[in-house]
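This report describes the architecture of a two-chain assembly for a reader who works from coordinates. The sequence and structure are shown first.

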Amino acid sequence: MINPHPGLPEFEYIKPTSLREASQFLAQHADEARPFSGGTDCFVRMRDGVLKQKYLVDIKGLDGTDGISFDPKTGLTVGAAVNMNRVAAHPEVAKHYPVLVEAARSVASYQLRTRATIVGNICNASPAGDTIGASMVLDGKLHVFNAAGEREEPLSTFFKGPGKTTLQPGDIVTAVMYPLPPQGHKARFIKLGRNKVSDLSIVAVTVLGYPDSNAKSGFCFRIVLSSVAPTPLVAASAEAILADKAISEATIVEAAQAAMDSCKPIDDVRSSARYRQYMVRNLTRQAVTDVWSQLQ
Amino acid sequence: MAYHRITITVNGSDEVVDVPSNMTLLQMLREKLSLTGTKNGCAAGECGACTVLMNGEPVNSCMVLAVECDGASVVTVEGLSHDSQLDPVQEQLIEAGGVQCGFCTPGILISSRALLNRNPKPSEDEIREALVGNLCRCTGYIRIVEGVKKAAEVGSRAA
């Protein structure tokens, strides 16, 4: 029987006073502790019994992780504790990274986005993570703190499977950093859900294009597909076609087909695998066509 | 499981509450402070029946731990009216017939108040977008949206 009022299972709430303390605790309790910020994914999965943790470590706002800043020379830094509404409302983000705003605003509802964070969305490593595609086409990098040393992780190699990343016990992602987007870039995010808004995606496609004199076609495209593979997927073969051949409707159709051929979706409650494949083709074609029309 | 003593301002009143780690803000409001206007619907951050204002921004109170609210200021549906005077959103929702069974209403009111606080003259699309996370299975939303529109015309008052 379904419990109509499922409370959270028992756990201990830990609020460290510094990143170092948090990292040490997480490393010492590797299998029992999990960091959280907004908790929007973590609480639901604990309630459903999918996640079983003895400790939840609240890392919100430790050592200045609640800041968002834009530097016209280096780009955008979004702290781990910055919620999605703050990202979407930031004037410099809207001006320079509109596709990130579009992606953030597609997540669930306004009141959930008061809690949800982009760093959390990335670290949960769901293939359906709505802000991951935009973060990848924008060439995002994570800043990772560990009591044993700090490092940067590019998103291109971060994801290892559903919920699996390169993060090790004691690692805490403190921020996601986006360089300045390429000159003259245009981008588009298309999310297909079971309803118009608020749902998880059946398929999502994020496309960013910009003029590039190194490419034979004169343009470079970055394409990321969501919900169609164990990790967010870069459609490399489609990108190569758009870089190598003069761009026309036929080239875009060929690239969209290549994107479809590169994905490996599954059947689940939201959609069949076959439907997802065709939607990858159609939405890639639509998104690339939109971006291309803006680039000309 | 450890208990944590927190200090929280709820509807303008300072409260000191002992809460276990796994207690949500929703459970604390209903079970410790007897503020049962805030409803438990899905307990998974989807239906919006438990929406409250936390430090001025709407949150799903089922998705916030009570212990995280130490030092926070929370407004529930009970805190929308002042001196027996209903908030314009409450008045206009009644006027428009935007309440049927009433279960979603507290969440709708809080989300609408939050919208009008950040955007006093929203378009219909903006109203609908702000209420995406508040499910209503009775009304079909039309009268709710009408009520919020009228409340915006009447003028807002920050909760």
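**Basis and confidence**

This is a predicted model, in which local features need pLDDT of at least 70, side-chain atom pairs count only at pLDDT 80 or more, and totals for chains, interfaces and linings use all residues. Residues are numbered from 1 along each chain as its sequence is written, while chains are lettered from A and ligands numbered from 1 in the order in which they are written. For the complex, the predictor gives an ipTM of 0.95 and a pTM of 0.95.

**Chain B**

Chain B has five helices and five strands; helices (H or I, at least four residues) and strands (E, at least two) are DSSP runs, numbered from the N terminus. Their order from the N terminus is β-β-α-β-β-β-α-α-α-α. The radius of gyration of chain B is 15 Å, close to the 15 Å given by the globule rule for 159 residues, so chain B is as compact as a globular protein of that length. That radius is taken over C-alpha atoms, and the globule rule is 2.2 Å times the number of residues to the power 0.38. Along the principal axes, the C-alpha atoms of chain B fill a box of roughly 45 × 30 × 25 Å.

Of the 159 residues of chain B, 51% count as buried, that is, 20 or more other C-beta atoms, placed from the backbone, lie within 10 Å of the residue's own. Contacts join residues whose C-beta atoms, placed from the backbone, lie within 7 Å. Among the contacts in chain B with a separation of 6 or more, 61% are between residues 24 or more positions apart.

The five strands form an open sheet of mixed pairing in the order E2-E1-E5-E3-E4 (chain B), where two strands pair if DSSP finds at least two bridges between them. E2 and strand E4 (57–60) of chain B are the edge strands, each pairing on one side only. From one strand to the next, the twist averages 40 degrees. Helix H3 (residues 105–118) of chain B packs on the sheet and touches E3 and E4 of chain B, its direction making about 40 degrees with that of E3(B). Axes are lines fitted to C-alpha atoms, for helices over the stretch in contact, and angles run from 0 to 180 degrees between N-to-C directions.

E1(B) and E2(B) form a hairpin with two residues between them, and B:Asn11 in the turn has a positive phi of about 50 degrees. B:Tyr3 stands opposite B:Pro20 in E2(B), and B:Leu53 stands opposite B:Val75 in E5(B).

| Strand | Partner | Bridges |
|---|---|---|
| E1 (residues 3–10) of chain B | E2 (residues 13–20) of chain B | eight bridges |
| E3 (residues 51–54) of chain B | E5 (residues 73–75) of chain B | two bridges |
| E13 (residues 219–226) of chain A | E14(A) | two bridges |

**Chain A and the interface**

An open sheet of four strands in chain A has the order E11-E12-E13-E14, with antiparallel pairing. Its edge strands are E11 (186–193) and E14 (233–234) of chain A. A:Leu225 has A:Leu233 in E14(A) as its bridge partner. Helix H5 (residues 98–105) of chain A lies across E11 and strand E12 (201–211) of chain A, at about 10 degrees to E11(A). Helix H9 (residues 236–244) of chain A lies across E13 and E14 of chain A, at about 160 degrees to E13(A).

Between the chains, 24 residues of chain A are in contact with 26 residues of chain B. Strand E1 (12–14), helix H2 (42–47) and helix H6 (110–113) of chain A each supply at least two residues of the side of chain A that touches chain B.

Methods
Contact = placed C-beta atoms within 7 Å. Buried ≥ 20, exposed ≤ 12 C-beta atoms within 10 Å, placed from the backbone.
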